[in-house]
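Hello,

Here is the structure I said I would pass on. My notes on its salt bridges follow below it.

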Amino acid sequence: MTDTTVTDRPLLILIAGPYRSGTGDDPGQMAANLARLESAAWPIFAAGHIPMIGEWVALPVLRSADATVFDPLAEQVMYPTAQRLLAHCDAVLRLPGESKGADQDVAIAEQRGLPVYYRLQDIPVREGNSE
């Protein structure tokens with residue numbers, strides 16, 4: 001989608017892309033993937049919107065249950081967190097890379113009629129973006 005229309009309210013935009021996929025469960029690679037997801041946060045914020053990453057919610061939830069992404073509980077937290085967040089999000093930014101979870105995020109967004117962006121420059125700039 002390439003609609004770069006100016007919007008008058010901040011959008012809550014879920015940043016979707018690989019986190020655990022393709023890492024072989026290597027914590028260093030997972031951290032690098034999270035950093036790549038987070039690298040899209042500033043440009044979204046600078047455009048006047050609110051960036052969101054599912055792991056920002058899911059990882060503290062797991063820690064509070066004394067669990068990690070490697071525990072069986074993670075299946076009950078990781079994907080459901082993104083699904084719950086999408087009930088509140090206005091759009092999705094899908095970053096490149098294989099990811100079952102990110103693909104599910106896109107499918108849910110499309111089912112809900114939410115825009116899915118594949119490039120940061122396609123995200124609309126918020127009107128009056130000087131709060």
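Arginine 94 and aspartate 103 are joined through their side chains by a salt bridge, with 2.7 Å from N to O. Please keep in mind that this is a predicted model. The two partners differ in how they are placed. Arginine 94 has a relative accessible area of 8%, which is under 20%, so this residue counts as buried. Aspartate 103 comes to 46% relative accessibility and is therefore partly exposed, since that class lies between the 20% and 50% limits.

A second pair is arginine 119 with aspartate 122, where the closest N and O atoms of the salt bridge are 2.7 Å apart. Arginine 119, with a relative accessible area of 42%, is partly exposed.

The next pair is aspartate 90 and arginine 9, a salt bridge whose closest N and O atoms lie 2.9 Å apart. Which parts of the chain does this pair link? Aspartate 90 sits in the loop between helix H4 (74–86) and strand E3 (91–94), while arginine 9 belongs to the segment before strand E1 (12–16). These are distant parts of the chain, with the two residues 81 apart. As for accessibility, arginine 9 is partly exposed at 41%.

The count for the model is 4 salt bridges, and the pairs described above are among them.

Regards

How values were computed: Residues numbered from 1 in each chain as written. Predicted model: local features only at pLDDT ≥ 70, side-chain atom pairs only at ≥ 80, totals over all residues. Heavy atoms only, no water. Helix = DSSP H or I, 4+ residues; strand = E, 2+ residues; numbered from the N terminus. Buried < 20%, exposed > 50% of the residue type's maximum accessible area, 1.4 Å probe, protein only.
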